[in-house]
Amino acid sequence: MAQLILLPGKERSSLKLRHPWLFAGAVGRLQGRARAGDTVEVLADNLRPLGRAAYSPRSQIRARFWTFDIAESVDDAFFKRRIAAAVARRHSLPELRGQQGLRLIHAESDGLPGVIADQYGDCVVVQLTSAGADKWRGAIVSGLVKATGCRRIHERSDSDVRRLEGLAPVTGWLHGAAPDSPLTIEENGIRLTVDIAGGHKTGFYLDQRDNRALLGRLAAGREVLNCFCYTGGFSLQALAGGAASVLSVDSSGPALAQAQASLALNPQLPGERAEWLEADVFLALRDFRKQGRLFDLIVLDPPKFAPSAAHAERAARAYKDINVLGFRLLRPGGLLMTYSCSGGIGPELFQKIVAGAALDADRDARIVRRLAGSADHPVALNFPEGEYLKGLLVQVE
Ligand code: SAH
């Protein structure tokens, strides 16, 4: 095994903080030969061993720790153990037990950097985003089959971040074959279709499960505007919660078509109260303002405007822009449920942006709840970067 030796004093974050990332700037030299994804032994400058990591020569994150236990081998049995532990963690939480749509592995926060696995019924969709994860595909698949007994595993390793690792996109079936009919899951009592082959991420945004349920509890009698609705998860929950009307906006025609297909799977819902609009949210909100339209409850769940801290400034302007517009479209007493899923925008900065937006819109407002991802998206305490989804529920005067 090759050895990655750190520069003097650079072992602190590995040794004391147990942070799973090792940046290029901390690395002194590589002793021996290692290719992308190979396991290397990481040593401090004084040659004290720190753990074992996956080597990523192309990435600024030069290595990701698999283990800080220098006696632990990284082999098939390692993945079997880590995957079984991640799955058992979900089953230990009553709120997650029996969920048909469930994140089984949340990468670094489950001790498996670069590995995402989402379960939809009998199918698991994996996304491998780092060179190390890519290398261990076989062991990961066997570990998942063993831990879940699932019949199918589909790979959706087509996220942009793979490019930073020098990895090409990979998609396809790793275990079992495509089901005959579209996949559906039940979430909070609503049936939803999931497009695991063509949808975003692994097909669905499982991280918003609890927040969609919350929206359902807030929706009764309200006129709801759901911006960036994707396949209608929030919209259908609002209908189930007794919303007076739900207007859903997204720029993706296929996502809107899928939302309507999901609505049709729920004949108990008052579909006539739903309106779907294919439009750019930035423009649509300005149009509503011109038309003098107002709402009682607005959801803003935009895509990641800031994939990394480097994009934070431009992203902050975009977040502020839609939040100003959102505040202006609320009736007195109305609620704004607003999110950022950008890793580069922390919770404090997000709150500042939303506060600035309220000032610009000249609305007096207060936070009534802070929102985050569901329990199957845990954030390891040694990996604060895992807290990418943050939201605020804000009420205006
Ligand atoms: N709230 C959704 C997830 C939203 S994902 C859920 O709970 O499932 C973000 C969505 O924003 C995607 O569907 C994407 O098509 C859409 N989108 C991105 N940019 C947009 C824009 N400028 N205007 C409208 N929709 C946009």
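**Entry 1. The model**

I noted at the outset that this is a predicted model.

**Entry 2. H9 and H10**

I looked up how helix H9, residues 281-291, lies against helix H10, residues 312-328. The two pack at an angle of about 25°, and their axes are 10 Å apart. Angles under 35 degrees count as roughly parallel, so H9 is roughly parallel to H10. I recorded the crossing of H9 and H10 as left-handed. I then listed the residues that make the contact. H9 contributes Val281, Phe282, Leu285, Arg286 and Arg289. From H10 come Ala318, Asp321, Ile322, Leu325, Gly326 and Arg328. Sorted by class, the contact of H9 with H10 holds six nonpolar, one polar and four charged residues.

**Entry 3. H10 and H11**

I next followed H10 to helix H11, which spans residues 347-360. Their axes come within 8 Å and cross at roughly 45°. This angle makes H10 oblique to H11. The crossing of H10 with H11 is right-handed. On the H10 side I found Ala316, Tyr319, Lys320, Asn323, Val324, Phe327 and Arg328. They meet Phe350, Ile353, Val354, Gly356, Ala357, Ala358 and Asp360 of H11. I counted the classes in the contact of H10 with H11 as nine nonpolar, two polar and three charged residues. Arg328 of H10 is listed in the contact with H9 and also in the contact with H11.

**Entry 4. H6 and H7**

I turned to helix H6, residues 209-218, and helix H7, residues 233-240. They pack at an angle of about 35°, with their axes 7 Å apart. I noted a right-handed crossing for H6 and H7. The H6 side of the contact consists of Asn211, Arg212, Ala213, Leu215 and Gly216. The H7 side consists of Gly233, Phe234, Gln237 and Ala238. By class, I recorded four nonpolar, four polar and one charged residues for the contact of H6 with H7.

**Entry 5. The ligand**

Which residues lie closest to the ligand? I found 16 residues around the ligand, the closest being Arg212, Asp250, Ser251, Val281 and Asp301. Arg212 is also among the H6 residues in the contact with H7, and Val281 is among the H9 residues in the contact with H10. I then examined individual atom pairs. A backbone N or O atom of Val281 is 2.9 Å from a nitrogen atom of the ligand. For Ser251, a backbone N or O atom lies 3.0 Å from a ligand nitrogen atom. Asp280 places a polar side-chain atom 3.3 Å from a nitrogen atom of the ligand.

**Entry 6. Ala34**

Where is Ala34 found? I located Ala34 in the loop between strand S3 (27-31) and strand S4 (39-43). Ala34 and Ala2 are 32 residues apart along the chain, yet 6.0 Å separates their C-alpha atoms. Leaving aside residues up to four places away in sequence, I recorded that Ala34 touches Ala2, Val40 and Tyr55.

Terms used. Residues numbered from 1 in each chain as written. Predicted model: local features only at pLDDT ≥ 70, side-chain atom pairs only at ≥ 80, totals over all residues. Heavy atoms only, no water. Axes fitted to C-alpha atoms, helices over the stretch in contact; angles between N-to-C directions. Helix = DSSP H or I, 4+ residues; strand = E, 2+ residues; numbered from the N terminus. Parallel < 35°, antiparallel > 145°, perpendicular 65-115°, else oblique. Left-handed = near helix turned anticlockwise from the far one by under 90°. Contact = heavy atoms within 4.5 Å. Nonpolar A, V, L, I, M, F, W, Y, C, P; charged D, E, K, R; others polar. Near = heavy atom within 4 Å. Polar contact = N/O pair within 3.5 Å; in protein donor to acceptor, adjacent residues only side chain to side chain.
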